[in-house]
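Thanks for coming. I will go through one model today, from the overall fold down to a few residues. Please have the display in view.

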Amino acid sequence: MKRPELDAAWQALRAHRKEWKGLHLRELFRADKRRFERFSLRLNDLLLDYSKNLITQDTVRLLLRLAKAAELKEARAAMFSGRHINVTEDRAVLHTALRAPAELSLMVDGRNVMIDVRRVLKQMAAFVDKVHQGRWKGYSGQPIRDIVNIGIGGSDLGPAMVCQALTPYARPGINAHFVSNVDPTHLTETLKRLSPDTTLFVVASKTFTTQETLANAAAARAWLLQHAKDGRAVARHFVAVSTNREAVVNFGIDPDNMFEFWDWVGGRYSLWSAIGLPIALYLGMEHFDELLAGAHDMDQHFLSAPLAANMPVILGLLGIWYIDFWDAQTHAVLPYDQYLARLPAYLQQLDMESNGKSVTRDGRPVKHATGPIVFGEPGTNGQHAFYQLIHQGTRLVPCDFLIAAESHNPLDDQHEMLLANCFAQSEALMRGKTAAEVRAELKAQGLTKKEIARLLPHRVFPGNRPSNTLLYHRLNPRTLGRLIALYEHKVFVQSVIWDINAFDQWGVELGKQLARSILPELKSSEPARGHDASTNGLINYCKGLREEP
């Protein structure tokens, strides 16, 4: 869509937004007894309830009209077919191929990419089997007990989130650890808990040049060699997920233990690829396959379901509605599932790195708001932290609640308490509490008229705060695959409407370039002079502190 804010569908939504003044969700629910059925969708056991949104059937109709004007169906087909929709890097975007059935054929630039996908999956399966059967041994002849993934960004956030989320399915005797921060504390504190002769490091870097990852990998190699005393041990304790064979070999890794992925796999979409090797090692290949199958379920739903009954499309359009027509600047992801504690951080990268753009696909400045600030914490912790702002603050914060009907860890009635809190929070956000309700409540408590008048404005909740609820039977690999793919496609839908490229991330490059110039200045005895006054001052003051006894 060229200049979406000038399209007739966009203008119609602006006019529709003005009509919302005075409407309240509690009244809409009262007027429509079938609102839940009307505004909810199901895929297998996964339920999306979006009835607690600031929408009517007219809103949905106009949003779908916007999707049609943006040629969403055509954009979706282009992505799945392997066209180079990542225009700034001239690349296809095919994370969906990574979870497609083995018999599929998909030609990209004259090559059937599914041959490569199947080859790497087979290589992963063989390696995982060796580790799990104890046939892959460390330098001392001991089997592997600990997997340490060394990566950053998409090479860390996705695998780390999935491994934590699927802890109940972990392979007995295998532990997973993740090191990403170049801060040496991250690696040091991780290694303190490990034995070098039973630890396997997975170094995840497509180019094998990522500064933070290579620094941590070199330090981990030095730690290993302090104990092994033999350089040949590196090949028994390090494998690589990369495409740079020469650099991998120079590091000391056997090239047969280099797992490939491709330039059509973006970092934040890469957990389905060999970047997911630590997932497969921790859970077993059969559970990794189930994760892929769940994502494929959502891919097929996204491809085939009518737009009006399409989960990613609806979630994406609702986000457009709030960001561009309600001036919402944030989005809260609230998993009432402790296993999903890392999901908000994972979705921060997925959403904010994808849609944090201010130019269109052809390089013009955008004239509308794009991606939101994504944040969240597991329930019920978040209730005692930031929910106050969501309920009574001055900002509109759309929310996603996620919860399982059944827990992996039943303990008395605690899961029922969790469910009750989740459902109550979305109801409270929707309903609010009127002045009349507060007055009656305080009066029943025996307060005087003066006390009631003083407390009343503090106890009123406006309500009319929108939320979605995603409810599923129990968190398992297939369900998690569906959830992750749901958010991937939601982000894509929004990028199409906004006419931005969701698959590059040039904004992270400048800081990396400047860091490379500052690093030698920190090591030099000469004062820094080549930057602005603040940066020079910080470098020089830091050097002074380090010289103090």
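**Overall dimensions**

For a chain of 549 residues, a compact globule would have a radius of gyration near 24 Å, and the protein chain has 26 Å, which agrees. That radius is taken over C-alpha atoms, and the globule rule is 2.2 Å times the number of residues to the power 0.38. Before going on, the basis: this is a predicted model, in which local features need pLDDT of at least 70 and side-chain atom pairs count only at pLDDT 80 or more, while totals for chains, interfaces and linings use all residues. Residues are numbered from 1 along each chain as its sequence is written, and side-chain values use heavy atoms, with hydrogens and water left out.

The C-alpha trace spans about 80 × 65 × 60 Å along its principal axes. There are 22 helices and 13 strands in the protein chain; helices (H or I, at least four residues) and strands (E, at least two) are DSSP runs, numbered from the N terminus.

Of the 549 residues, 52% are buried, where buried means under 20% relative accessible area, exposed over 50%, and partly exposed in between, with a 1.4 Å probe and protein chains only. The accessible surface comes to about 24700 Å², and carbon and sulfur atoms hold 53% of that; areas come from the Shrake-Rupley method with a 1.4 Å probe, and for residues only the protein chains shown count as cover.

Counting contacts with a separation of 6 or more, 73% are between residues 24 or more positions apart. Contact here means heavy atoms within 4.5 Å.

**Aromatic pairs**

How many aromatic pairs does the structure hold? The count is 19. Rings of Phe, Tyr and Trp (its six-membered ring) pair if their centres lie within 6.5 Å; planes under 30 degrees apart count as stacked, over 60 as edge-to-face and the rest as tilted.

One of the pairs is Phe80 with Phe302, which is tilted, at 6.3 Å centre to centre and 45° between the planes. This pair links distant parts of the chain, with Phe80 in helix α5 (residues 72-81) and Phe302 in helix α13 (residues 285-304), 222 residues apart. Phe80 counts as buried because its relative accessibility is 15%; Phe302 is buried with a relative accessible area of 0%.

Another pair is Trp321 with Trp326, edge-to-face, 6.1 Å centre to centre with 80° between the planes. Both Trp321 and Trp326 are buried. They belong to one aromatic cluster, together with Trp10, Trp20 and Phe325.

**Helix α5 and its surroundings**

Back to α5. Besides Phe80, its buried residues include Leu72, Arg76, Ala78 and Met79. Which helices do the buried residues of α5 pack against? They pack against α4 (57-69), α13, α14 (311-325) and α20. Just after α5, Gly82 takes a positive phi of about 95°.

Helix α20 (residues 477-498) contains Thr479. With 3% relative accessibility, Thr479 counts as buried. Neighbours within four places in sequence aside, Thr479 is in contact with Asp45, Tyr472 and Arg474.

**Pro278**

Last, helix α12 (residues 277-283), where Pro278 sits. Is Pro278 buried or exposed? Pro278 counts as buried, at 1% relative accessibility. Leaving out neighbours within four places in sequence, Pro278 is in contact with Ile147, Asn149, Pro159, Cys163, Phe178 and Val202. Val265 is 13 residues from Pro278 in sequence, and the two are 17 Å apart in space, C-alpha to C-alpha.
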